[in-house]
Amino acid sequence: MNEKVLQYNKPTLRGTLTIPGDKSVSHRSVMFGAIATGKTTVDGFLLGEDCLSTIDCFRKLGVKIDVEGTSVFIDSPGMDGWQEPTEILYTGNSGTTTRLMLGILAGSNVHSVMTGDASIGKRPMRRVIDPLRQMGAHITGRANGQYTPLAIQGTSLQAIDYHMPVASAQVKSAVLLAGLRAAGTTIVRETEISRDHTERMLRQFGAEIDVRDGVISFEGGQTLTGTHVSVPGDISSAAFFLVAGAICHNSKIMLENVGINPTRDGIIEVLQNMGASMTVIPNEDSQSEPTATITIETSSLKATTIEGEIIPRLIDEIPILALLATQADGKTVIKDAEELKVKETDRIAAVVDELRKLGAKIEATEDGMIIEGPTPLQGASLQTYGDHRIGMMGAIAALITDGAVTLDDADCIAVSYPTFFEHIESVK
Ligand code: S3P
């Protein structure tokens with residue numbers, strides 16, 4: 001635990017930031033590189049702790065992975081050449097590593113045991129294990145597989161036709177990754193569209209996959225071949241500086257390399273609805289994932305309602321959007337977001353409790369929160385609950401508070417944005 005006192009004295013923000021690699025795409029680049037036969041090179045990889053956990057797990061499976069700067073070089077014998085790990089696969093704080101690896105390991109040739117940190121030990125795994133068991137997976141764990149530690153005996157799998165009960169890219173991806181090794185056609189039906197990085201990467205590594213009206217289908221037994229992956233910047237990291245630029249006085253910042261995948265761009269829509277002064281210039285040379293340069297200036301903001309299909313497109317941005325709403329005129333309502341309760345911490349409770357300490361007018365609801373603004377914020381001592389996004393919300397709040405904000409643990413921010421405080425320093 002590293003306590004950090006943030007006394008910024010209401011700076012103006014100016015300058016340009018290059019947003020670090022997308023966490024979801026970085027995880028998947030290593031997973032696909034390890035499943036594929038041959039060499040994969042990755043550029044713009046996020047050196048966050050979560051993604052390093054993914055690398056560590058695959059090294060224990062015998063996959064050769066070298067990291068040089070933000071490039072990653074993977075040389076894999078393909079899944080059938082993996083070694084049975086002699087050590088426990090440790091997934092740290094990473095839900096994506098834990099859940100996607102379950103789907104991968106279920107159809108492998110190896111036995112493995114997986115566990116993570118205290119937060120991972122409280123997060124529901126049955127949402128992934130239930131469909132995997134329907135495919136024939138042998139997985140055991142605490143509370144009949146609901147919680148880590150989990151043991152996975154790789155086995156042969158059967159394809160299923162799966163209706164997603166919850167909008168979750170982690171569940172969808174686990175089923176799709178298991179489907180790679182399953183006999184028959186795997187079908188996943190989404191009622192609400194979640195991030196589609198897995199589908200895009202399946203294609204990039206040579207698989208044939210059909211995606212239409214929320215129905216994804218593909219044949220099992222397809223082999224993947226190593227390739228080159230260019231990771232876009234993480235819009236979920238850019239989100240903190242988009243909000244900072246809008247709420248700090250007399251500010252203007254430019255964010256380069258921001259991923260604007262349409263399944264992730266909900267925050268852009270919300271900022272536009274709230275009246276933010278922002279321009280989004282798409283990059284012509286984007287590869288499998290589109291990117292843009294976004295410029296944001298101090299904005300006069302009005303309240304909004306965030307609900308329905310947009311929620312999966314901005315689920316990780318809700319903590320920082322709640323801070324934004326404290327500075328907008330009127331009542332902002334966030335609904336249909338009960339998934340926040342099963343993130344790294346219960347993010348409805350954490351956001352409401354911590355923003356209240358700063359003087360925000362905010363109340364929790366069953367599936368979201370209601371925020372009244374604009375409200376001047378005061379410094380206070382905040383808890384992060386070991387959750388990177390709660391920590392970054394508190395740090396961005398510190399840019400507009402009267403008085404200092406103290407975070408009980410700033411180290412957790414390295415999970416997704418290790419250069420976060422350097423980036424604050426470079427624009428303030
Ligand atoms: C992720 C999916 C989302 C998101 C998480 C990353 C992914 O989780 O919140 O940060 O990489 O697939 P859910 O699948 O639980 O919605």
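Lys172 and Glu199 are both buried, where buried stands for under 20% relative accessible area, exposed for over 50%, and partly exposed for anything in between (1.4 Å probe, protein chains only). These two residues form a salt bridge, and their closest N and O atoms are 2.8 Å apart. A salt bridge here is a side-chain nitrogen of Lys or Arg within 4 Å of a carboxyl oxygen of Asp or Glu. The pair links distant parts of the chain, with Lys172 in helix 6 (residues 169-179) and Glu199 in helix 7 (residues 197-204), 27 residues apart. Helices (H or I, at least four residues) and strands (E, at least two) are DSSP runs, numbered from the N terminus.

Before going further, a word on what you are looking at. This is a predicted model, in which local features need pLDDT of at least 70, side-chain atom pairs count only at pLDDT 80 or more, and totals for chains, interfaces and linings use all residues. Residues are numbered from 1 along each chain as its sequence is written, and side-chain values use heavy atoms, with hydrogens and water left out.

Let us stay with charged pairs for a moment. Side chains of opposite charge can pair when their charged atoms come close. How many salt bridges does the structure hold? There are 27 of them. One joins the side chains of Asp50 and Lys23, at 3.5 Å from N to O. Because Asp50 lies in helix 2 (residues 49-60) and Lys23 in helix 1 (residues 23-35), this pair ties together parts that are 27 residues apart in sequence. Asp50 and Lys23 are both buried. Another salt bridge runs between Arg200 and Asp196, with 3.0 Å between the closest N and O atoms. Asp196 has a relative accessible area of 17%, so it counts as buried. Salt bridges also link up into a network, made by Arg123, Arg195, Asp316, Glu344, Arg347, Asp387 and Arg389.

The UniProt annotation "active site", from an unreviewed entry, covers Asp316. UniProt positions are given in the numbering used here, feature names are shortened, and annotations may be inferred rather than shown by experiment. You will find Asp316 in the loop between strand 20 (305-306) and helix 10 (318-326). Is Asp316 buried or exposed? With a relative accessible area of 12%, Asp316 is buried.

Asp316 also brings us to the ligand, being one of the residues that surround it. An N or O atom in the side chain of Ser24 is 2.7 Å from an oxygen atom of the ligand. Arg28 has a polar side-chain atom 2.7 Å from a ligand oxygen, and for Lys343 the value is 2.7 Å as well. On its own the ligand has 380 Å² of accessible area, and the protein covers 94% of that. Accessible areas come from the Shrake-Rupley method with a 1.4 Å probe; for residues, only the protein chains shown count as cover.

Now follow the backbone to a few details. A cis peptide bond joins Thr148 and Pro149, with omega about -5°, and Pro149 is found in strand 9 (residues 147-153). Gly373 and Pro374 are also joined by a cis peptide bond, with omega about -5°; Pro374 lies in the loop between strand 23 (368-373) and strand 24 (381-382). Asp213 has a positive phi, near 45°, though it is not a glycine. Asp213 sits in the loop between strand 14 (210-212) and strand 15 (215-219), and its relative accessible area of 79% makes it exposed. Tyr385, another residue that is not a glycine, has a positive phi of about 60°. Tyr385 is partly exposed, at 29% relative accessible area.

Finally, step back to the whole chain. The UniProt annotation "domain: Enolpyruvate transferase", from an unreviewed entry, covers residues 12-423. Over residues 12-423 the chain is 30% helix and 26% strand, with the end C-alpha atoms 14 Å apart.

Methods:
A residue is near a molecule or strand if one of its heavy atoms lies within 4 Å of it. A polar contact is a pair of N or O atoms within 3.5 Å; within protein, one must be able to donate a hydrogen and the other to accept it, and residues adjacent in sequence count only if both atoms are side-chain atoms.
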